[in-house]
Amino acid sequence: MRRVSGDEGTATLASNQMNDRRGADHHSVRLANLSLVLEELRRHGPASRAEIAARVGLARPTLTRLVGELLDLRLVREAGQSGGRPGRPGTMVEIDGAHVFAVGAEINVDAITLIVHDLAGTERARRRAALDARRVGPEASVRRLAALLGDAVAEAARPLERPPEIAGFATAVPGLVDVEGGLLVNAPNLKWQRVPFASLLRHALGSDDVTVSIGNDGNFGALAEYWRGGSAGARHLVAIIGEVGIGAGAVVDGQLLTGSHGRALEVGHLVVDPGGPRCGCGRSGCWEAIVGLDAFLSSLGMPASGRRPEALVKQVVALARRKDSAALAALERLGRFVGIGVANLINTFDPDVVVLGGYFTHVATWLLPALWQCVEAQVIVTDTPAEKLVVPSSLGFRAAALGAALHAAEAVFSNPTLFARPS
Ligand SMILES: [Zn+2]
């Protein structure tokens, strides 16, 4: 403590500092409580003030004041009376935030996806386009992303009376990232290295006001499955996304497993066949060099680039439906090799469920029988039948972009006053 003048001055300074600290403490407690209430409504849906107070353990008057603040911020709204519940009916409260957008995107080898959500998690606009990311390179890809953003946000904002607030813009990429530095460190399948992604995107958007971030596609995909997929809420979940590379993420006891450098679950480079084909990473026999989309298509003699993956997979599905013997054999082999990797992951993580996304979802009918057989044979101990342990995703190719959008919304859930205007 700095001494000002005499004992009285010192005492005044000490008391001011204490008041400042109390003010700061009060402010952070208030923010934490606003966040708690908003999070509760996100997790469990509409509820009366009394129900929320009981669930989060706050006194009713405190809760009423917090809900009032969230109503003023237009992050929640009142939604009729609670009916058919014990006790006095109360006015229900639910998340609003129609004016707050969270944007998620994914740049992959052959396609770009962008989703605009509002705070309630309702999709307001979506874009998906073919992109030959390897050929056009990072700067042109990022410019394309920025153009899609402008277009999608304009569509999403049309019903609003005033311009929306953008909570954040998160992009999933198929590679290793430095989350703090907004840097894409290495994406072998894109052949991009050390791309300053966040600053390129800010430049392309012509704005420093938007919070931009990047993350690994597998991690964002796993978050989307945990929050919104058909197995949402499973405490231990592994998500695998089949694209040109194989992305994956694991939720362990409700938390995304990142590893010490954010590089956990780089499963595309698990070696499953040491004498196998060359991988984009320079090694041989990696899982994705055998079961990645390009590898699978080339096993059928189909060219890969230039079209959206779903269009290519549609061709394979048409062949399989016609019982084309080459297509059925390739899918059976795919099932076995996906199964080898999945069985290893089950033996490693002991998950409640493994969710297969990306192009695996689209060919699941033909892939799963061989895969389940492989899992039954190679998983050491499990009480769950393979059919329940390994399931196709309901999110398909949009999982990573959806996870990114949910991540971008976090900024408002952790600080509901983010867009508060001075009155
Ligand atoms: Zn590899």
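Axes here are lines fitted to C-alpha atoms, for helices over the stretch in contact, and angles run from 0 to 180 degrees between N-to-C directions. Keep that handy for the exercises below, and remember that this is a predicted model.

**Exercise 1. How are α6 and α14 oriented, and which residues make their contact?**

Step 1. Start with the geometry: helix α6 (residues 217-228) and helix α14 (residues 399-414) have axes that come within 7 Å and cross at roughly 75 degrees.

Step 2. Now classify the angle. Since 65 to 115 degrees counts as roughly perpendicular, α6 is roughly perpendicular to α14.

Step 3. List who touches whom. On the α6 side you have Asp217, Phe220, Gly221, Leu223, Ala224, Glu225, Trp227 and Arg228, and these meet Ala399, Ala400, Leu402, Gly403, Ala404, Leu406 and His407 in α14.

Step 4. Sort them by class: the contact of α6 with α14 has nine nonpolar, three polar and three charged residues.

**Exercise 2. At what angle do α2 and α3 pack, and what is the handedness of the crossing?**

Step 1. Helix α2 (residues 49-56) packs on helix α3 (residues 60-72) at about 115 degrees, and their axes are 9 Å apart.

Step 2. That angle makes α2 roughly perpendicular to α3.

Step 3. For the handedness, α2 passes α3 in a right-handed crossing.

Step 4. The residues involved are Arg49, Ala50, Ile52 and Ala53 from α2, together with Arg60, Leu63, Thr64 and Val67 from α3. By class, the contact of α2 with α3 comes out as five nonpolar, one polar and two charged.

**Exercise 3. Check the length of α10, then work out how α9 meets α10.**

Step 1. Helix α10 (residues 325-349) has 25 residues, so at 1.5 Å a residue it should span 36 Å. Its end C-alpha atoms are 36 Å apart, which agrees.

Step 2. Turn to the neighbour. The axes of α9 and α10 come within 8 Å, crossing at roughly 110 degrees. That makes α9 roughly perpendicular to α10.

Step 3. The crossing of α9 and α10 is left-handed.

Step 4. Val316, Leu319 and Ala320 of α9 meet Ala327, Leu328 and Leu331 of α10. By class, that contact of α9 with α10 holds six nonpolar residues, no polar ones and no charged ones.

**Exercise 4. Which residues of α12 are buried, and what covers them?**

Step 1. Do the length check again: α12 (residues 364-378) has 15 residues and reaches 20 Å from first C-alpha to last, close to the 21 Å expected at 1.5 Å a residue.

Step 2. The buried residues of α12 are Trp366, Leu367, Leu368, Leu371, Cys374 and Val375.

Step 3. Their cover includes the helices α9 (309-321), α10, α11 (359-362) and α13 (386-389), plus the strand β16 (390-392).

**Exercise 5. Where do arginine 74 and aspartate 253 sit, and are they buried, partly exposed or exposed?**

Step 1. A bit of background: most residues other than glycine have a negative phi.

Step 2. Arginine 74, which is not a glycine, has a positive phi of about 60 degrees. You'll find arginine 74 in the loop between α3 and β2 (76-81). With 15 C-beta neighbours inside 10 Å, arginine 74 counts as partly exposed.

Step 3. Aspartate 253 is not a glycine either, and its phi is positive at about 50 degrees. Aspartate 253 lies in the loop between β13 (246-252) and β14 (255-256). Here 7 other C-beta atoms fall within 10 Å, so aspartate 253 is exposed.

**Exercise 6. How far apart are glycine 181 and glutamate 410, in sequence and in space?**

Step 1. Glycine 181 counts as partly exposed because 13 C-beta neighbours lie inside 10 Å.

Step 2. Glycine 181 and glutamate 410 are 229 residues apart in sequence, and their C-alpha atoms are 18 Å apart in space.

Step 3. Zoom out to the chain. Among contacts between residues at least 6 apart in sequence, 63% join residues at least 24 apart. The chain has 14 helices and 16 strands, and 44% of its 423 residues count as buried.

Methods: Residues numbered from 1 in each chain as written. Predicted model: local features only at pLDDT ≥ 70, side-chain atom pairs only at ≥ 80, totals over all residues. Helix = DSSP H or I, 4+ residues; strand = E, 2+ residues; numbered from the N terminus. Expected span 1.5 Å × (residues − 1). Buried ≥ 20, exposed ≤ 12 C-beta atoms within 10 Å, placed from the backbone. Contact = placed C-beta atoms within 7 Å. Parallel < 35°, antiparallel > 145°, perpendicular 65-115°, else oblique. Left-handed = near helix turned anticlockwise from the far one by under 90°. Nonpolar A, V, L, I, M, F, W, Y, C, P; charged D, E, K, R; others polar.
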